[in-house]
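Take a look at the fold below. We will walk from the sheet to the helices, then to the loops and the surface.

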Amino acid sequence: MPLNPRIDEWKGRRVWLVGASTGIGRATAARLHAAGARVAVSARSAAVLEAFAREHPGSLALPLDATDRSAMHAATAQLLQAWGGLDLVVYCAGTYKPMRATEFELDVALQHQQVNYVGALYLLDAVLPVLQRQKAGHLSLVSSVAGYRGLPKSLAYGPTKAALINLAETLHLDLSPLGIGVSVINPGFVETPLTAQNEFHMPALITPEEAAVAIVKGWAAGDFEIHFPKRFTRMVKLLKYLPDSAYFWLARKGTGL
Ligand SMILES: NC(=O)c1ccc[n+]([C@@H]2O[C@H](COP(=O)([O-])OP(=O)(O)OC[C@H]3O[C@@H](n4cnc5c(N)ncnc54)[C@H](OP(=O)(O)O)[C@@H]3O)[C@@H](O)[C@H]2O)c1
């Protein structure tokens, strides 16, 4: 039984992706455009977004900083004027810097909170009234398997992703009865600028295009949690159910801490 209305026909669908200049967001925007959707891409890098719009005729570049509340409202208004409504809104903006408690940097932690979590709240503030008026549409938040449990070097990043998973679950409780779909996207390792800094071996690493295929498949299935690649994420999910003592032992051992 699907937890959301399935989205399997993309022709003419109005899709806005925030955090789509590179990586998973960009690949997903390109895939949806190829399937016939009308796509709007947002991020800070205006020139990159404009190049995307040129390469994908009919798409819109809406540069913004997701931590700017009024910019999010202005972009929403612009889209409503152009399209009259929204069928799918995806928050994929994210930042990641490894951090340990022994090298705590408050400003970096707050920056993660602003981009990864508060930006999603700003997006909600702008689009929830639209989706509720429509009594239709779908909202997706890109979180991470790093949100399941505390992970080494994830002091700034992990808590923001845990918050997004909780936020998506709570949104689903309230919005599903109104006919609005809500999903959370939890990728494993994807080869993007965000993970380029990782010096360790990333198991089951996939391309952004493969991530986009999995995401589109999840929307078509009406999944609430869209996680991939399954060969990796199924294993990480098991860690959620381990007793704390076993989890801490494994997490330390597995990462050489
Ligand atoms: N790659 C992975 O292995 C992986 C795994 C799990 C989850 N994720 C999540 O997937 C999402 C996409 O990440 P990615 O891997 O595709 O990395 P990415 O290529 O670095 O993409 C991040 C996107 O967020 C945008 N962004 C960053 N700060 C922003 C801001 N203040 N305002 C607006 N846009 C902003 C970036 O564009 P600008 O710099 O142009 O603003 C870029 O488009 C993130 O939420 C990430 O946490 C990634």
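Contact here means heavy atoms within 4.5 Å. Helices (H or I, at least four residues) and strands (E, at least two) are DSSP runs, numbered from the N terminus. The model is predicted: local features need pLDDT of at least 70, side-chain atom pairs count only at pLDDT 80 or more, and totals for chains, interfaces and linings use all residues. Residues are numbered from 1 along each chain as its sequence is written, and side-chain values use heavy atoms, with hydrogens and water left out.

Start with the sheet. Seven strands make an open, parallel sheet in the order E3-E2-E1-E4-E5-E6-E7. At its edges are E3 (60-61) and E7 (225-228), each pairing on one side only. Two strands pair if DSSP finds at least two bridges between them. E1 (residues 14-18) and E2 (residues 38-42) are joined in the parallel sense by five bridges. Within E2, alanine 40 is the bridge partner of tryptophan 16.

Helix H2 (residues 46-55) lies across E2 and E3, at about 165 degrees to E2. Axes are lines fitted to C-alpha atoms, for helices over the stretch in contact, and angles run from 0 to 180 degrees between N-to-C directions. H4 lies across E1, E4 (88-91) and E5 (138-142), at about 170 degrees to E4.

Next, the loops. Lysine 135 sits between H4 and E5. Its phi is near 55 degrees, a positive value in a residue other than glycine. Is lysine 135 buried or exposed? Lysine 135 counts as exposed because its relative accessibility is 61%. The classes are buried (under 20% relative accessible area), exposed (over 50%) and partly exposed (in between), with a 1.4 Å probe and protein chains only. Alanine 204, in the loop between E6 (181-187) and H6 (208-221), also has a positive phi, about 55 degrees. Alanine 204 is partly exposed, at 22% relative accessible area.

Arginine 149 lies in the loop between E5 and H5 (158-175). At 18% relative accessibility, arginine 149 counts as buried. Leaving aside neighbours within four places in sequence, arginine 149 contacts Leu239, Lys240, Leu242, Asp244 and Tyr247. Its C-alpha atom is 9.4 Å from that of lysine 237, which is 88 residues apart from arginine 149 along the chain.

From phenylalanine 228 to proline 229 the bond is cis, with omega near -15 degrees. Proline 229 belongs to the loop between E7 and H7 (230-239).
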